[in-house]
Each structure stands twice: as C-alpha cells, then as structure tokens.
Amino acid sequence: MAFTAKDVVALREKTGVGMMDCKKALVETDGDIDKAIEVLREKGLASAAKKASRVAAEGVIASYNDGKSGALVEINCETDFVAKGEPFVNLANAVAKTVVTANPADVDALLATNVADGDNTVEEAVQEVFLALRENMKVRRFARMDGHVVTYIHGNGTVGVMVAFDADDATAAKPEFNEMGKNVAMQVAAMSPEYLSKDDISADELEKMKTIVVESALNTPASLPIPILNSIIEEAISEKKWSDEDIEIYNGLDNKQRKNFTNFISKEAYATLAEIAVSHKAEIAENKIFAGLVQGRISKQIKEICLSEQPFVRSDLFDGPVSGYVSSVAKALGAEIKINSFVRLAKGEGIEKKQENFADEIASMVK
C-alpha cells in the first residue's frame with residue numbers, strides 16, 4: 001500500500017468524502033491522490049444517478065447584486081440540515097454571482113458556465129458539493145434583472161425577492177432609496193403579489209375574476225344584497241320550494257332573527273336559495289346593486305394581488321398603498337421613482353414532497 005494515514009486525511013480535506021471512501025480510492029489508485037480524486041468524482045456521479053430519484057424539496061434561495069444587475073437562484077437538496085450548511089450555502093451564493101456575471105440563457109447554459117471566481121463549471125461545483133454531502137441536489141431555476149435592483153432574502157433562504165426600479169443613478173445611490181427598495185421587497189416577500197399593478201391583469205383574467213365572484217355570490221345567498229335575497233326567499237316560500245317546516249320557521253322569525261336566518265332554516269332550504277339565485281343569474285347580474293357588489297369584491301381582490309395597490313405593511317412608515325409609499329419617498333428625495341418589475345421565489349414551491357409511510361416500510365422489512 002503506497003500511501004499513509006496522512007494521505008487519507010489530505011484526500012478527505014480536498015474532497016469532503018468519508019474516510020473509508022478516501023482509503024478505498026487510494027487503494028484503487030495505488031496512492032495517487034489526483035487519480036483518487038477522479039475516482040471519487042466518477043463514483044460520485046454513479047451515486048448521484050442513484051440518488052436522483054430522491055425528492056429534493058429543501059434548499060435555499062440565494063441572491064447576488066453588483067449594483068448593475070441582480071440575481072436570485074434556487075438550489076435544492078434533500079434535507080434542511082444540508083441546506084443550512086456552509087458548503088451548500090457557499091455553493092448557492094457562488095451560483096447566484098455566476099448568473100449576474102455570465103448572464104446565462106437558461107439553467108443548462110448556467111450549468112455549463114464556469115462558476116464565478118472558480119476554474120470548474122457550475123455543474124462540476126455542484127458535483128463536488130454532492131461528493132462531500134451525499135445528497136441529491138439540483139440547480140432548479142434563476143432570475144436576473146439589470147438596472148437599479150434591490151434583492152432581499154427572507155428566513156435563511158426560504159424566500160428570495162428581487163425588485164427593479166426606474167430611477168436616476170444619483171437617486172439610486174442614496175441610502176433612502178435602498179431602504180425604500182428593501183421595504184418594498186419585504187412587502188413582496190410577506191404578501192406574495194401576483195401582479196405589479198391592475199394594468200398588468202389581462203382582460204381575460206379580469207373576466208375570469210368577475211365570473212368567479214358572480215358564481216360565488218349566487219352560491220352564498222346570505223351575502224347577496226337584501227332586496228335580491230328577499231326576492232329569492234319570497235319565491236322559495238310562494239312557490240313551495242321550501243318544506244312546510246322551513247316555511248313555518250322562517251315566517252315565525254322576527255326582523256332581528258331574519259338577519260341571521262341561516263341559523264334557523266335547514267341546509268336543504270339554504271341550498272334551494274342558491275339554486276334559485278343561479279337560475280336567475282342573467283337577471284341578477286343586470287341589477288345595479290349586485291353589479292356594485294361584484295365590482296367591490298373585484299376591487300378588493302385587486303388590492304390583494306397587485307403590489308402597487310396593496311396596503312403597505314409598514315404602516316408605521318406610511319399609511320396607504322405601496323405605490324403611495326414609493327411616491328412619498330420619491331417626493332422626499334426630489335426625484336422620480338417607479339417600480340418596474342419584481343420576482344419572488346419561494347424554496348421548493350411546486351415540488352411535491354414524497355410522503356413516507358413508515359408503518360408500511362417496517363412491515364415490508366419484517367416480511
């Protein structure tokens with residue numbers, strides 16, 4: 001055997017691989033450390049292929065901003081323990097910097113690109129960390145923006161946000177601008193808007209929203225305007241669409257009790273009211289009071305899903321919508337500032353985690 005215990009330790013320090021694996025690699029290469037590293041990489045590739053079927057839903061969102069461009073990148077692994085470790089976090093940060101400096105077209109191009117401040121490719125860098133940590137890991141996606149960009153990472157990489165602003169260089173260099181940008185980014189992280197403003201919602205999407213609001217209102221009769229609700233109750237009673245018992249109960253209620261009539265009538269009677277409302281959909285939709293109700297609910301939804309229209313969460317700084325907060329900072333700086341776009345990435349969103357059934361697993365082991 002042409003190597004010593006110190007060689008094993010040296011190989012482990014270079015690769016992060018376990019002692020026994022390092023020893024086996026040195027035995028196989030007759031003590032040649034460089035060849036042993038290659039052997040471990042080859043075995044790592046084989047191990048990675050075996051582990052690729054494991055669900056990698058943990059990981060981090062990392063960011064990098066050089067003042068001219070910003071980037072977010074999501075890298076996944078199997079466990080939260082590995083995701084919080086320094087090797088994995090350093091890898092994610094290096095890949096985020098690579099996105100900014102190299103501006104790759106897509107993930108495949110990114111993997112083939114030399115990692116920032118390194119000699120190997122991103123794919124090789126990921127492989128080296130895999131060799132050390134032995135978990136399936138994957139560069140899943142990234143986003144990049146040019147210009148005056150503010151990035152924000154929440155909860156040790158659980159959520160990453162990037163917001164691009166339209167402002168002059170002098171304004172963007174001021175600390176008040178950076179503070180404002182971070183506050184807006186935190187808003188995006190906390191409230192998860194879908195659009196920048198209502199102008200970004202297509203006519204088709206608005207029509208879908210209206211359809212859903214109308215259907216929801218008709219199927220929850222108690223929320224309908226009082227004149228419409230009274231009309232469909234009158235139809236249910238006059239045309240005997242309710243049971244005699246429900247009719248008797250309703251007629252016995254005083255005005256105060258009728259405000260909470262759903263607490264007294266049967267579920268079947270309430271469902272009948274919804275059926276009556278739906279059958280008169282065209283007529284009810286033309287009712288001005290109902291149209292106002294629908295528009296009010298749509299306006300409320302727009303305030304929830306559009307960043308500019310959302311109430312600013314830092315009410316201690318500004319009481320009003322996010323757009324108003326940005327305008328107030330711009331006014332104080334004597335400049336013009338506009339939000340151009342934003343990106344929000346949440347770790348593991350859309351990845352279905354495998355549900356383990358430990359009882360079945362144990363049962364299969366003892367068969």
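**Salt bridges and charged residues in the predicted model**

K208 and E205 are three residues apart in helix α10 (residues 203-218), which means that about one helical turn separates them, helices (H or I, at least four residues) and strands (E, at least two) being DSSP runs numbered from the N terminus. Their side chains meet in a salt bridge at 3.7 Å, N to O, the term denoting a side-chain nitrogen of Lys or Arg within 4 Å of a carboxyl oxygen of Asp or Glu. The structure is a predicted model, in which local features need pLDDT of at least 70 and side-chain atom pairs count only at pLDDT 80 or more, whereas totals for chains, interfaces and linings use all residues. Residues are numbered from 1 along each chain as its sequence is written, and side-chain values use heavy atoms, with hydrogens and water left out.

Across the whole structure, twelve salt bridges are found. In one of them R140 pairs with E74, the closest N and O atoms being 3.3 Å apart; because R140 lies in strand β3 (residues 138-146) and E74 in strand β2 (residues 69-77), the pair ties together parts that are 66 residues apart in sequence. E74 is buried, with a relative accessible area of 0%, whereas R140 is partly exposed at 25% (buried means under 20% relative accessible area, exposed over 50%, partly exposed in between, with a 1.4 Å probe and protein chains only). R141 forms a salt bridge with E349, with the closest N and O atoms 2.8 Å apart.

The structure holds zero disulfides, a disulfide being a pair of cysteine sulfur atoms within 2.5 Å. C77 is buried, with a relative accessible area of 0%, and C306 is likewise buried at 0%.
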